[in-house]
Amino acid sequence: MNDHELQRFEAELRRAAPAPLPEGFIARLRVAKLDAEPARRMRLEPKPGWARWWRLGRWAAPAMAAAVVGLMVGKGKVDLQSIANKKPLAVSGGLQVDDVQMDHELVNSFDVVATLPGGLPVRFRCRQWKDQLVVTDKSRGVEVQQHSPLVEVVPVRFETY
Amino acid sequence: MNSGSKHELPAESDWEQWIARHAPALLLFARQQTNRDADAQDLVQEAVVESWRRQSQDAPPPLALVYATIRRRAIDLARRDGRRAGREVAAHQDRPECWFDAGVEERERNMLIQKAMSHLPEIYRQVVTLKVWGGLTFGEIAEALEIPANTAASRYRNGLIELRSLTKEVFI
């Protein structure tokens, strides 16, 4: 079988097109599109105004508190240095914040599809987030961690897909 | 309702076009790897989703990656279910589902090709499928099947020769 014959045979084979996708499978792939959305893009999803402020507020509050604690300790340290001979360091009180780490991690994302009594399909996008705040005081070897789980359930229109 | 979610999803047209263009060949490849059509559909869906998720940019995933994922998942599935031997035996049997378009004019011819393909050794069938219907280059086939490109080329040639001898009643 020479190259020319191989090419002809190859062209004959190509005439046999793969079977078209079953209808149900096409629908499945359309639904699967959401799962294909990379996680990084999920984080960039535009939120309603109130949600943005809520998210900002949730982080601003502990961050502000940590900053205030840091300032107070810093100021207290200067004062303490001036009276170091009179008072032991142990009574200075408060944390000296060396490091504040904040993280907002997407733990899980999935879709739930249900059918209303009238037969109308509804879809909910469920996301599980984990917020974490870590405050470290190296001089005292203290690390304070706060974890807050958050579940978002957002209805999504089918037409969106 | 979240009407803004369109912006961060793969563009509707990109996704639809990519699926329309490549999914039939992906499903054909997956059907050859499994016993059941439902398993084949699962493999394609999982591989497509996984491959799109791995992409750091909005561009579609490389086809070789999708085929490689289907193949690996099929092996995992066969191992998990202890059906690998059954899968290889079943590859030599007639399948209830049609691998190729069963239009009236081409039905008999395509069924003959399917029958001949199912009698090909798996190593040939994979390469022939990826080259003829998947449209992959030998380099991409090598990547998908984790074999050298030269091996892919020689398997392709041997596979075509064997396939032609099996279909000589149609292709003279």
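These are my notebook entries on two chains of a predicted model.

**Ground rules**

I am working with a predicted model, where local features need pLDDT of at least 70, side-chain atom pairs count only at pLDDT 80 or more, and totals for chains, interfaces and linings use all residues. Residues are numbered from 1 along each chain as its sequence is written, while chains are lettered from A and ligands numbered from 1 in the order in which they are written.

**Entry: chain A overview**

I looked up the elements of chain A and got four helices and three strands. (Both are DSSP runs numbered from the N terminus: helices are H or I with at least four residues, strands are E with at least two.) Read from the N terminus, the order is α-α-α-α-β-β-β.

How much of chain A is buried? I noted 6% of its 161 residues. (Buried is 20 or more other C-beta atoms within 10 Å of the residue's own, exposed is 12 or fewer, partly exposed is in between, and C-beta atoms are placed from the backbone.)

Next came contacts, meaning residue pairs whose C-beta atoms, placed from the backbone, lie within 7 Å. In chain A, of the contacts with a separation of 6 or more, 55% are between residues 24 or more positions apart.

**Entry: the sheet in chain A**

I followed the three strands and found an open sheet in the order E1-E2-E3, with antiparallel pairing. (Strands pair if DSSP finds at least two bridges between them.) Which strands are at the edges? They are E1(A), 99–115, and E3(A), 142–156, each pairing on one side only. On average, neighbouring strands here are turned by 15 degrees against each other, direction ignored.

I took E1(A) with E2(A) (residues 121–137) and noted antiparallel pairing over 16 bridges. Asp99(A) sits opposite Thr136(A) of E2(A), and Phe110(A) has Cys126(A) in E2(A) as its bridge partner. Their hairpin has five residues between the strands, and Gly119(A) takes a positive phi near 95 degrees there.

Then I took E2(A) with E3(A), which also run antiparallel and are joined by 15 bridges. For Arg123(A), the bridge partner in E3(A) is Val156(A). This hairpin has four residues between its strands, with Gly141(A) in the turn at a positive phi of about 65 degrees.

**Entry: chain B overview**

Of its 172 residues, 40% count as buried. Among contacts between residues at least 6 apart in sequence, 62% join residues at least 24 apart.

**Entry: H3 against H7 in chain B**

A reminder to myself: two packed helices are described by the angle between their axes and the distance between the axes. H3(B) (residues 63–81) and H7(B) (residues 138–145) pack at about 30 degrees, axes 8 Å apart. (Axes are lines fitted to C-alpha atoms, for helices over the stretch in contact, and angles run from 0 to 180 degrees between N-to-C directions.) H3(B) and H7(B) are therefore roughly parallel. (That word covers angles under 35 degrees; over 145 is roughly antiparallel, 65 to 115 roughly perpendicular, and the rest oblique.)

On the H3(B) side I listed Leu63(B), Ala64(B), Tyr67(B), Ala68(B) and Arg71(B), which meet Glu140(B), Glu143(B), Ala144(B) and Leu145(B) of H7(B). I sorted the residues of this contact into six nonpolar, no polar and three charged. (Nonpolar is Ala, Val, Leu, Ile, Met, Phe, Trp, Tyr, Cys and Pro; charged is Asp, Glu, Lys and Arg; the others, Gly among them, are polar.)

**Entry: H6 against H7 in chain B**

I then checked H6(B) with H7(B): they pack at about 135 degrees, with axes 10 Å apart. That makes H6(B) oblique to H7(B). Gln126(B), Val127(B), Leu130(B) and Lys131(B) of H6(B) make the contact with Ile141(B), Ala144(B) and Leu145(B) of H7(B).

**Entry: Lys131(B)**

I picked out Lys131(B), which is in H6(B), residues 122–133. Is Lys131(B) buried or exposed? Lys131(B) counts as buried because it has 23 C-beta neighbours inside 10 Å. Leaving aside neighbours within four places in sequence, I found Lys131(B) in contact with Leu136(B), Ile141(B) and Tyr156(B). I also looked at Ala153(B), 22 residues away along the chain from Lys131(B): their C-alpha atoms are separated by 9.6 Å.

Key. Contact = placed C-beta atoms within 7 Å. Pairing = 2+ DSSP bridges.
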